[in-house]
Structures are given as structure tokens and as C-alpha cells.
Amino acid sequence: MSKSNFSRRGVLKTGMVASAGMALPQYLRAQDGGFTNAPGDSDVVLGFNVPQTGPYADEGADELRAYELAVEHLNGGGDGGMMSTFSSDALEGTGILGREVKYVTGDTQTKSDAARASARSMIEKDGAIMITGGSSSGVAVAVQALCQEAGIIFMAGLTHSNDTTGKDKRANGFRHFFNSYMSGAALAPVLEAAYGNNRKAYHLTADYNWGYTTQEAVQSSTEAMGWETVNTVLTPLTQTDFSSYIAPVLNSGADVLVLNHYGGNMVNSLTNAVQFGLREAQANGQNFEIVVPLYSRLMAKGAGANVKGIFGSTNWHWSLQDAGSQAFVRSFGTKYGFPPSQAAHTCYVQTLLYADAVTRAGSFNPCAVAEALEDFEFDGLGNGPTLYRGEDHQCFKDVLVVKGKENPDNEFDLLEIVEVTPAAQVTYPADHPQFAGGALGTCNPGA
Amino acid sequence: MSTYVENPSGTLKSTFLTLAFLFAAFWGSFLILRTVIGFSSGDNFSIQQYILQILNGLDKGSAYALIALGLTLIFGTLGVVNFAHGALFMLGAFVAVTVSNLLSLSHKVVDETRTDFLGNPLQVEVPYMYDLFGQAAGDVIIDWAVPISIIIAIPIMVAIGFIMERGLIKYFYKRPHADQILVTFGLAIVIQEIVKYFYGANPIPTPAPDAFVGSFDFGIALGFQANEIIYPYWRLVYFFFSVVIIGAVFAFLQFTTFGMVVRAGMADRETVGILGINIDKRFTIMFGIAAAVAGLAGVMYAPINSPNYHMGMDFLVLSFVVVVVGGMGSLPGAVAAGFLLGILESFASISQVIDMIPGINQIIIYLVAIIILLTRPRGLMGRKGVMEE
């Protein structure tokens with residue numbers, strides 16, 4: 001019979017020494033560059049923090065596809081996608097500053113605490129130099145704050161709340177996606193042209209920060225053109241059956257229902273509204289109308305035929321005919337067999353923009369990267385000429401107003417673009433009341 | 001559980017009393033709501049709005065009642081607190097999704113006149129049903145996928161119930177309730193992750209047949225203005241369907257020998273066993289029936305809200321509250337509490353009520369549960385002694 005020499009205390013001691021040994025090079029590396037997670041000479045690690053489980057897992061999967069495609073293109077693989085149409089020619093398909101791009105992934109679960117934990121793990125354990133991704137404003141705001149503290153650049157994924165670049169903006173955080181204000185500003189003229197300026201609106205709003213800012217934006221822009229807001233009702237984020245909220249709408253004196261809902265909430269509330277006959281109803285001598293301020297093709301698919309004829313806005317759509325969009329759709333479609341979503345597009349673009357900024361700055365130092373991104377003007381990435389405004393780190397570009405297509409050609413052909421609203425029409429001053437509070441602060445390089 | 005009907009005049013009297021109580025409750029609660037809302041907000045709360053919220057509560061209550069009925073059957077017979085019951089509801093909805101997908105199975109035909117998103121010739125999907133039955137008949141079959149799913153869902157859900165009970169849950173009969181909750185909750189998570197793996201996380205639209213699309217105008221039927229009380233046809237179908245299912249389960253337990261033995265087993269399992277009756281076998285069948293009830297509730301719910309992998313969890317917690325409020329082990333209690341809480345939740349969602357008490361729509365059911373547990377731990381119709389120790 002043999003006797004083991006291992007003791008519990010011995011194993012613990014060895015484990016702690018080994019962990020400290022493994023952590024040390026990471027720490028030294030950080031000190032070397034003067035900023036957190038300075039990469040070595042051969043490769044650089046990016047952290048893709050997307051919802052891989054939970055209600056937005058399908059959007060997360062599409063974001064991850066886009067990130068993998070971007071990494072492939074940055075490393076010189078594939079057809080190069082939008083790198084060939086990008087107005088900046090800094091990227092050459094040789095990685096970032098000559099280092100091969102590698103990546104790690106985290107699962108946000110669309111929960112702020114889980115998203116912060118996975119981002120922290122990618123920064124501390126995997127040495128990620130930049131964190132990007134997400135499909136919810138709550139998550140984006142939480143991870144952005146973490147990256148600010150850690151001295152890491154955060155390139156936001158799909159986040160539409162004004163707060164991300166408003167009261168919760170951070171110097172280390174950047175958003176390419178559009179926001180609630182822009183949706184309101186783009187939608188209002190189209191709604192006025194389609195439905196007139198004598199309308200009474202009833203808002204159902206998801207009870208969290210994105211819902212509040214979207215309602216505020218749509219309400220103020222529609223009221224400015226003469227619409228009256230009859231009622232605004234907050235609905236719980238966990239609500240699945242909206243019948244109790246929809247049923248009183250027809251008797252409220254309203255003739256337009258605005259659904260400030262996203263994801264599963266949007267699918268269910270829109271489906272319920274159609275079931276209750278709102279599409280066929282008449283109120284105040286006019287046809288009753290429904291508006292969905294933020295559309296997503298993936299979500300529109302869940303609502304099926306109910307989206308037909310309903311107006312909304314979107315950041316990007318695969319049917320755009322500019323060279324950048326076409327190149328991206330060709331790359332993505334050839335690799336995966338279906339067109340990319342707006343979430344995939346913004347994530348792909350954010351990765352290229354980060355890589356380009358590092359290359360132009362000649363450094364991975366977050367402060368140098370931030371400086372390169374601030375007030376950077378570019379084109380060829382699918383949204384026309386775009387400005388990354390330095391004051392709030394928000395991109396300003398054209399916004400698409402879309403409508404549920406009446407006769408779709410195929411399962412991806414759910415939305416049609418009715419207007420490309422020029423960037424000037426959706427641009428606002430950085431101190432606009434809807435973005436009040438909070439300050440960008442100063443860039444944190446960490447270490 | 002009640003016994004065989006022995007006193008028809010007594011039954012008539014209790015039916016009359018119940019109807020009188022419901023009538024008084026209807027008008028009483030309306031007058032209270034009208035007064036409170038009028039007093040606090042100045043709004044005139046109309047009888048039309050009131051009827052609309054009752055209808056809303058009835059259809060929501062139908063789903064609660066069906067799930068709670070199955071939960072109570074399992075708790076009453078097997079003594080198991082089944083946290084996987086919501087997953088059975090979700091599986092039922094996905095039977096409808098699967099049948100709908102199967103009936104819509106198609107092959108591709110290249111249409112040279114149109115192009116896809118990459119500019120290649122468009123491949124148009126042609127359902128096999130068109131090839132088999134022609135386009136008109138094929139469309140009708142695909143359109144009626146959800147009602148067809150009911151027939152298919154019954155054996156599937158009974159089989160899933162058997163497998164669940166024989167394969168896992170029977171090993172936990174003699175274990176504490178905490179163990180049962182943990183294992184069934186774990187099972188629910190496993191089931192929903194499997195569903196998500198195959199069907200994705202996004203909701204999948206599963207529409208009702210075209211014949212049931214649209215709404216019925218109660219307003220005109222009751223002498224009010226048009227559009228004042230409209231209610232979707234399919235939700236009415238759901239309500240009547242749940243009434244039929246609940247009635248069928250009660251009749252099965254009340255008027256069959258099998259049901260009599262099960263009720264005897266629920267009252268005193270040991271004595272029934274001493275009499276030489278294999279009560280375990282019957283209880284397994286009851287588990288299958290409970291699974292089928294939850295599954296059918298899910299099938300019929302699919303057109304109301306597009307099914308997603310998480311829908312079972314959304315209903316599970318509320319259904320447990322329904323069981324506790326109704327009285328653990330009481331079938332009539334589960335049904336009554338299902339409808340009652342559905343209606344209460346509906347009233348709590350009226351915007352004037354939310355304005356008065358912010359957040360009431362999110363807590364009303366739990367508030368009722370707390371009050372019931374504090375004042376009457378056995379629940380509204382629970383047996384004396386159960387949950388009161």
C-alpha cells in the first residue's frame with residue numbers, strides 16, 4: 001500500500017504560488033507598456049463580450065460571427081470585406097501593428113453583473129486589450145464603466161439608449177450604433193408625412209433606461225410636430241403577455257400606439273396589438289397606426305407577418321447598395337449563408353475602427369487610441385460619411401427609417417428602407433437635455 | 001376532494017349561491033374600482049373597460065389554471081413539487097412549432113427571374129404539402145397546424161410525462177421537498193437549454209388559423225359602441241378550450257373508477273395500497289395526464305405569444321403562487337385561484353391603478369400570496385392541516 005505525500009495544505013500552497021507565478025508576467029507586461037495589458041510582439045488579444053445565452057443569444061451569435069469575420073480580415077484572410085472600401089487605408093491585413101489578432105469570448109447573458117464578470121475575466125486572465133460587444137444598454141453602461149476603471153478601450157456593440165453616450169458616457173467608451181434621440185429625429189418627419197400632424201399617441205414603454213430614453217426622444221420629436229401624447233405606460237421588462245396593456249388603448253382616445261419595446265417584448269407587444277385588431281381599427285376618424293421606434297431584423301422575424309406596414313428605425317440594413325454594405329454582405333453571406341444583422345454590422349465596424357485607430361496612433365495605449373478615434377471622420381463602412389464626435393464618443397451618420405415589408409421575397413427580406421435620414425438631421429449638441437448629466441472624464445490607460 | 005354527487009338539490013343550491021356570489025363580486029368590485037379611480041384621478045372608469053379587463057384576466061387565468069391544475073395533480077398524487085412543470089408547458093408550445101415546421105417542410109425551386117441577397121438566382125421554397133395535396137389544400141393544412149398539433153401533442157406529452165416520472169422523479173418520492181425542487185428545477189433548465197439549442201433564443205411565430213385571426217366585438221353584442229370591447233377570437237378559443245380541459249379532468253376523476261381510486265389514493269395512499277391496489281401505477285398515469293394538460297395549454301398558447309425557450313419559466317413561478325393561493329393539493333382551488341389571480345393581475349395593469357400605486361402590476365400576485373399565507377396558510381380551498389403545521 002502506498003502512501004500519498006500530498007496534503008491539503010501543500011496542494012493549496014503550491015496552487016497559490018503557481019497562480020501568483022502565472023499572474024506575474026501579466027502584471028509585468030502591464031507595467032512595461034505603461035498601460036493595462038500591453039501586448040507582446042507576436043499577437044494581441046481582443047475580448048468579445050456578447051450574449052451567448054439568454055434572450056438575446058441569437059443576436060449575440062450574429063455579433064460573434066461578425067467579430068470572427070473582422071479578425072479574419074484583419075489578419076489578411078478572406079476577401080477583406082469592408083477593409084477595401086474603408087476610407088482609411090491604414091489597415092493592410094497584417095494584424096494590428098504587425099501583431100496577429102487573437103480573441104477570447106465572454107457571455108454577457110444580458111445581465112449587467114454577468115457581463116462585468118466576463119469582461120473582467122477577459123481583461124485580467126486573458127489579457128484582452130479591448131472589450132467590445134453586447135446587445136443591451138444596461139450591459140453596455142455597466143461594462144463601459146468597468147473598462148474605464150480597468151484602463152481598457154470599450155467599443156460598444158448594440159446599445160441604443162441615450163445614456164450610453166449621455167449621462168453614463170466614459171472617456172474609454174465609444175459607440176458606433178445610433179441612439180434613441182436619432183430614432184426620434186429620423187422617424188418624426190416620416191410619421192408626419194405618412195400620418196399627418198393631428199395625431200394622438202399612446203406609449204407603452206419597457207421599464208428600464210433604454211425604454212425611458214426612447215420614449216422621451218419619440219415623444220418630444222412627435223410633440224414638436226403637433227402630435228399629442230395621450231398616455232405613457234411603463235411595462236415590466238419580464239412581461240410576456242401585453243393584453244392588459246393593449247386592451248385599454250382603443251378606448252383611450254389615441255390613434256397611434258408607440259411600442260418602446262425591444263427584443264421579446266417587442267415581438268409580444270406587437271403580436272398582441274395586432275391580435276386586438278389595432279391594425280384594422282379606426283379612431284378619431286383615422287386609421288389606427290402602430291410605431292416601433294427601434295427595429296431589428298432578427299426580432300422582426302419573431303413577430304412574423306405582424307410587422308407589415310409598421311414604421312421604425314434601424315442602424316443599418318443588408319439591402320443598402322453602397323460599396324461598403326455590399327462588400328460586408330458579400331463576405332458575411334458567403335461565409336455564413338445568410339445576410340448579417342445590424343448588430344453584426346456595428347460589431348464588425350467597431351473592430352475595424354479600433355484596429356485602424358491603433359494603427360494610425362502607432363500604439364495600443366488606450367489614450368492614444370481614444371485620441372485617434374475622437375473627431376475621426378470616415379466613410380465606406382456602410383452608413384455614409386461618419387463622424388466619431390470627440391465630445392461624447394458618439395458616431396454621427398445617416399439613420400435608416402424602415403417599414404415592415406408587405407410582400408417579402410424571402411425570409412430575410414422583412415424590412416424595406418423608406419428613407420435614409422441625413423446625419424445633419426439627427427445631429428444634436430453634446431449638451432442636449434436628453435443627454436444631460438455625467439461627464440466624459442479623462443482617458444484612463446490603467447496599469 | 002369531493003365525493004360522488006348524492007344530493008342534487010344541495011348541488012343546485014350551491015350552484016345558485018356561487019352564481020349569486022360571482023354576480024355580487026362582479027358589481028361590487030366594479031363599483032369599488034370606479035369609486036377609487038374616480039376619486040384619485042378624476043377619470044371615469046367605464047363598465048366597458050371593466051369587462052375588457054375581466055376578459056383579459058380570464059384568458060391569462062386560463063393558462064395559470066391549466067398549469068396549476070397539473071401541478072396540483074402531481075403534488076396531490078405523488079407528493080412531488082414539480083418545478084419542471086413550466087418546461088412541460090413550453091414543450092407543448094414547441095410541439096406546435098415542430099408540427100408547424102414539419103407541415104411547412106419544403107424543397108427549393110430556382111426562380112431565374114429573381115435574385116437572392118448575394119445576387120444569385122432566388123431559390124423559392126415550395127412546401128411538400130403542395131406536391132401532395134395541391135396548393136389550396138396544402139395551404140389549409142399548414143394554416144391549421146396548431147389545432148392539428150393538439151392531436152399529436154397528447155401522446156407525445158403523455159410519453160414525456162412517463163419518461164420524466166419513471167426515469168427521474170420516482171427516485172425522489174421519499175426525499176425532502178427541497179431535493180425534489182432542486183432536481184426538477186435542474187431538469188427544467190436542461191430542457192429549456194436543449195430547446196434553445198435546436199430552436200434558438202428568439203421567439204418563433206406560430207399563428208392561429210386564418211379563421212381565428214381578428215377580434216370579436218363584444219361592444220356591439222352587449223349594446224355598447226363598436227370597438228369598445230373587442231377581444232381576439234383565439235383568446236376566446238383558449239378560454240373555452242381550458243374550460244373543456246378542466247371539465248374533462250374533473251369528470252375523469254369524478255365519474256370513472258380509475259378517478260375514484262386516484263382520489264382515494266390522494267386522501268390516503270397507504271390504505272389504498274393495503275387494499276391491494278397498485279396506486280403507484282395509477283399515479284404514474286396521472287403524471288402523464290398532468291404533463292398532457294400542461295402541454296395542451298402550451299400548444300394552444302403558441303399563437304397568443306410566439307413561443308421561446310424561456311416561456312415555461314415565465315409561467316412557472318406564477319403558477320406555483322396560484323397553487324399556494326388555491327390550496328396545496330386542491331384541484332378546485334388551483335382552478336379558482338388561477339382565474340382569480342389572472343383577473344387581479346389584469347386589473348393591476350390598468351394605467352390609472354398603476355398611477356395610484358406604482359409597481360402594483362408587478363407585485364399584485366405576490367402580495368395576494370403573502371396575505372393568504374399570513375391569514376390562511378392552507379390556501380383558499382386547501383384541506384385543513386395542509387401547510388399549516
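**View 1. The two domains of chain A have centres 31 Å apart, taken over C-alpha atoms.** The model is predicted: local features need pLDDT of at least 70, side-chain atom pairs count only at pLDDT 80 or more, and totals for chains, interfaces and linings use all residues. Residues are numbered from 1 along each chain as its sequence is written, and chains are lettered from A and ligands numbered from 1 in the order in which they are written. Domain 1 of chain A covers 29–178 + 318–397, and domain 2 covers 181–314; these bounds come from an automatic or database domain assignment. Where the domains meet, 14 residues of domain 1 of chain A are in contact with 15 residues of domain 2 of chain A (contact: C-beta atoms, placed from the backbone, within 7 Å). On the domain 1 side, helix 2 (57–74) and helix 4 (137–150) of chain A each give two or more residues. Helix 2 of chain A has the largest share of that side, with three residues. Helices (H or I, at least four residues) and strands (E, at least two) are DSSP runs, numbered from the N terminus. By class, the domain 1 side has three nonpolar, seven polar and four charged residues. Here Ala, Val, Leu, Ile, Met, Phe, Trp, Tyr, Cys and Pro count as nonpolar, Asp, Glu, Lys and Arg as charged, and the others, Gly among them, as polar.

**View 2. Chain A and chain B meet through 37 residues of chain A and 39 residues of chain B.** On the chain B side, helix 2 (47–78), strand 4 (230–232), helix 12 (311–326), helix 14 (351–356) and helix 15 (360–375) each supply at least two residues. Six residues, the largest share of this side, come from helix 2 of chain B. The chain B side divides into 15 nonpolar, 18 polar and six charged residues. For the complex, the predictor gives an ipTM of 0.78 and a pTM of 0.82.

**View 3. The largest nonpolar core has 232 residues.** A nonpolar core is a set of buried Ala, Val, Leu, Ile, Met, Phe, Trp, Tyr and Cys residues joined through C-beta atoms within 7 Å. A:Leu257, A:Leu352 and B:Leu69 touch the most other members. Domain 1 and domain 2 of chain A both give residues to this core, so it lies between them. Apart from neighbours within four places in sequence, B:Leu69 is in contact with B:Ile246, B:Val249, B:Val293, B:Leu331, B:Ala334 and B:Val335.

**View 4. Two spans of chain B, 61–81 and 236–262, are among those listed by UniProt as "transmembrane region" in an unreviewed entry.** UniProt positions are given in the numbering used here, feature names are shortened, and annotations may be inferred rather than shown by experiment. Residues 61–81 of chain B are 86% helix and 0% strand, with their end C-alpha atoms 21 Å apart. Residues 236–262 of chain B are 96% helix and 0% strand, and their end C-alpha atoms lie 32 Å apart.

**View 5. B:Ser104 sits in the loop between helix 3 and strand 1 (106–115) of chain B.** B:Ser104 counts as partly exposed because it has 15 C-beta neighbours inside 10 Å (buried: 20 or more other C-beta atoms within 10 Å of its own; exposed: 12 or fewer; partly exposed: in between; C-beta atoms are placed from the backbone). Not counting residues up to four places away in sequence, B:Ser104 touches B:Pro127 and B:Ile142. B:Gly79 is 25 residues from B:Ser104 in sequence and 42 Å from it in space, C-alpha to C-alpha.

**View 6. A:Gln109 and A:His393 are loop residues of chain A.** Most residues other than glycine have a negative phi. The phi of A:Gln109 is positive, near 55°, and that of A:His393 is positive, near 60°. A:Gln109 lies between strand 2 (100–107) and helix 3 (112–124) of chain A, and counts as buried because it has 20 C-beta neighbours inside 10 Å. A:His393 lies between strand 14 (386–388) and strand 15 (395–396) of chain A, and counts as buried with 25 C-beta neighbours inside 10 Å.

**View 7. Residues 19–31 of chain A and residues 1–6 of chain B have pLDDT below 50.** pLDDT is the predictor's confidence in each residue, from 0 to 100. Chain A averages 90, with 93% of the residues scoring at least 70; chain B averages 86, with 92% scoring at least 70. The model has eight contacts beyond four places in sequence for residues 19–31 of chain A. Where pLDDT is low, the predicted coordinates should not be read in detail.

Terms used:
Two residues are in contact if their C-beta atoms, placed from the backbone, lie within 7 Å.
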